[in-house]
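Please walk through this structure with me, one chain at a time. Keep the sequence and the 3D view side by side.

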Amino acid sequence: MSGQRNRSPEAELGLLDASMIGMGAMIGAGIFVLTGLAAELAGPAALLVFVLNGVVTAFTALSYAELASAIPKSGGGYAFVREIFDDFPSFMMGWMLWFAYMIAGGLYALGFAPNFIELLHVYGLSPAPDTVGTVAVPGIGLAVPPGLGLAFFAVLLFVAINAVSTAASGSVETIFTATKVTILLVFVAFGATSPMFSSAEFQPLFPAETGVYALLPAMGLTFIAFEGYDLITTVTEEVKNPRENIPKAIFVSLAATIVVYVAVVSVAIATLGADGLAAAGEAGIAQAATEFMPTGLPIIKNGGAIIVFGAVFSTLTALNAVVIASSRVAFSMGREGQLLPRFGKIHHRYGTPFAAILGSALVMLGSVALPTQSAGNMSSLFFLLSFVVVNGAVIKLHRERPDMDRPYELPYYPLPPILGIVLNLVLAVVLIVFLVRTDPLALLLSAGWLGVGAIGYMSRDRLLPSRRPEDEPSPDAVSEDD
Amino acid sequence: MTGNLRVIIAGGGRVGFQTAIHLADRGDAVTIIEPDGETVDRVADEWIATVIQGDATNPDILEQAGIDRADVVAGLTGKSGVNLATCLAATELNPAVRTVARIEESDGDAYTELVDAVVFPESAGAKVAANEIAGSDIETVADITADVDVMHIRVAEGAPAAGKQLSEVRFPSGTLVISDGGGVATPELALTAGEQYLVAVEPDVVDEVVQLFHG
């Protein structure tokens, strides 16, 4: 599937561009939105949380690299699993991944709103985020918190853009990513040289009451910050020498992302302190920046505004990426006959997977009503579960198709996929236990989504017993070209 | 409701490889079976198909290529015997699969008792060669393939373009609907499900055009 209208005939994305796509999808909202929340759970150990998550993700990244090199399909995780597993498991994989992306959309929109209000606040256009009350919506007589309204509007905007125009190409993504990374590097540079940094306080590393176990739920919550390198596998057609560059790009983007995260989180904790960071919540990084960035600059006035702008920009580009990613999953599932066939059709006028985008938008808009932390938890949970399946796919493929050509073969098979499965499962279980105690709503909604999917799948099979995509008559496109 | 095929091609040499490229352009999922290591690497570099290294007549290799879910198996190696054996083994493993075998002589119609279709690629190649030799200004449709594919495409029931007028459908740039068989197409031409249309398409957007016509 290619939504691009003006796709260049030549493969044009090099290793750098492909890595930038992965980094762009990862470094976005996660770091800006979730650092504060991670600090709330784990204290200064939030730093360790990001490092460990990077390590856990690395095992799954190896699996993605092998699958992407062997199966030249630009559909990401669902496409691989669909290739290897039976109908029901592959349906559930798609169903989970679709949900993960949609909830991530809600999360990014929720992360965008407070940062945007903070940006207005820096220029004195609005009061501080936590002092803003509700805004009455004229005409309806309904009072909505402005953050919620903003988040809702942001989702609507990007859904509309993507519904009527095809996706931006990789080179635009490179500019976006470079912008985001530059802003973060500015943050790190100023933070590390500020007087606040030299008096940094990382002790006690772990929160007194929970100790080292506080790491695990915080890892679960922030796991989503490392989601996104799989988007590299959705642009394979445009990458030069893909069988070498795709695995490399996955590793490069993951390694670079870990480095950036470690630097940013260290600076944030050192300057604002874990408690201050926790208090700032979704706008943690932005608020840390306003503490030490120089003020009185021409035009932008306050240097902190650059960082706040970075947060707004990152959450929006990440939102855009997941609007595209979620609709692609729904579209692929529709084409495979695993969702309403309508989802698998491109619009005759716009050339976009119109129905898939609108379908995804409904859930995304609904998820905006969730607390940010619930959205983060649910999205992380579903990514963890789908990554378990991806690692399982590698093992299944080795057993069933030993003679398949694997241009990139992961080292020390079967250790990495097994570790990937175990570690992702551990985090998923810890997250579920954590949710039982703190956030039953998120757990209930997650279970509900899985239940609806399973029941929907069963009843579809009952209603249409013989309707399987394999039974469709072959299309009769007759090419006269040879 | 997929408009795309799952195809297994035996042989990643010149014919099998080029065929895979055309199918991948249309969005079909291709798996190539090829015994030779160097050829496997060359195909893998192009990133168009999953490759299974092995002998296509071996049922185990066909299983690994996903014969149980395949729509079509095409034996496109240079040897008729291998191609026919592949097709027969494939039919044995999955009776519903459509089989296509490349043969070495032009009059291979008798083989259609064993397989669903036969191809003799040399005939198409010879046509191109003859056209080049003659250097004529008028060439048959088959030769302009480098930049434009000219295809007959049937509109499927329920496809995005079905029942729409040509002016209503926004095709990707690089597409020209030439004719419905009854004359040169006008903007008012209605795209009717079940009818065939002659369409010129640049290779990059073939998959998108096929999606519009097929859903």
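Helices (H or I, at least four residues) and strands (E, at least two) are DSSP runs, numbered from the N terminus. The expected span of a helix is 1.5 Å times one less than its number of residues. This is a predicted model, in which local features need pLDDT of at least 70, side-chain atom pairs count only at pLDDT 80 or more, and totals for chains, interfaces and linings use all residues. Residues are numbered from 1 along each chain as its sequence is written, chains are lettered from A and ligands numbered from 1 in the order in which they are written, and side-chain values use heavy atoms, with hydrogens and water left out.

Start with chain A. Its secondary structure comes to 16 helices and five strands. Chain A has 482 residues, and 59% of them count as buried. Buried means under 20% relative accessible area, exposed means over 50%, and partly exposed lies in between (1.4 Å probe, protein chains only). Contact means heavy atoms within 4.5 Å. Take the chain A contacts between residues at least 6 apart in sequence: 81% of these join residues at least 24 apart.

Now find helix H5 of chain A, residues 87–122. Its 36 residues reach 52 Å from first C-alpha to last, close to the 52 Å expected at 1.5 Å a residue. Of these 36 residues, 29 are buried, so H5(A) is largely enclosed by the rest of the structure. Gly124(A) follows H5(A) and has a positive phi, near 70°.

Next comes a helix pair. Two packed helices are described by the angle between their axes and the distance between the axes. Axes here are lines fitted to C-alpha atoms, for helices over the stretch in contact, and angles run from 0 to 180 degrees between N-to-C directions. The axes of H6 (residues 146–164) and H13 (residues 354–367) of chain A come within 10 Å and cross at roughly 175°. That makes H6(A) roughly antiparallel to H13(A). Angles over 145 degrees count as roughly antiparallel, under 35 as roughly parallel, 65 to 115 as roughly perpendicular, and the rest as oblique. Which residues of H6(A) and H13(A) make the contact? H6(A) brings Phe152(A), Val155(A), Leu156(A), Val159(A), Asn162(A) and Ala163(A). H13(A) brings Phe354(A), Ile357(A), Leu358(A), Ala361(A), Met364(A) and Leu365(A). By class, this contact of H6(A) with H13(A) has eleven nonpolar, one polar and no charged residues. Ala, Val, Leu, Ile, Met, Phe, Trp, Tyr, Cys and Pro count as nonpolar, Asp, Glu, Lys and Arg as charged, and the others, Gly among them, as polar.

Ser253(A) sits in helix H10, residues 242–280. Is Ser253(A) buried or exposed? Its relative accessibility is 0%, so Ser253(A) counts as buried. Its side chain reaches the backbone oxygen of Ile250(A) at 3.0 Å. Leaving out residues up to four places away in sequence, Ser253(A) touches Ser19(A), Gly22(A), Met23(A), Met26(A), Tyr229(A) and Ile232(A). Arg328(A) belongs to helix H12, residues 304–335. Arg328(A) is buried too, with a relative accessible area of 14%. Its C-alpha is 7.5 Å from that of Ala356(A), 28 residues apart along the chain.

Further along lies helix H14 of chain A, residues 372–400. It has 29 residues, and 23 of them are buried, so H14(A) is largely enclosed by the rest of the structure. The loop between H14 and H15 of chain A holds Tyr412(A). Tyr412(A) has a positive phi of about 55°, although it is not a glycine. This residue is exposed, with a relative accessible area of 71%. Pro414(A) is found in the loop between H14 and helix H15 (415–438) of chain A. The peptide bond from Tyr413(A) to Pro414(A) is cis, with omega near 5°.

Turn to chain B. It has six helices and nine strands. Of its 215 residues, 49% count as buried. Helix H4 of chain B, residues 80–93, includes the buried residues Ser80(B), Asn83(B), Leu84(B), Thr86(B), Cys87(B), Ala89(B) and Ala90(B). Their cover includes strands E1 (6–10), E4 (72–75) and E5 (98–102) and helix H3 (59–64) of chain B.

Finish with two loops of chain B. Trp47(B) lies between helix H2 (37–46) and strand E3 (50–53). Its phi is positive, near 60°, in a residue other than glycine. At 7% relative accessibility, Trp47(B) counts as buried. Gly163(B) lies in the loop between strands E7 (149–154) and E8 (175–179). At 62%, Gly163(B) counts as exposed.

Technical notes. A polar contact is a pair of N or O atoms within 3.5 Å; within protein, one must be able to donate a hydrogen and the other to accept it, and residues adjacent in sequence count only if both atoms are side-chain atoms.
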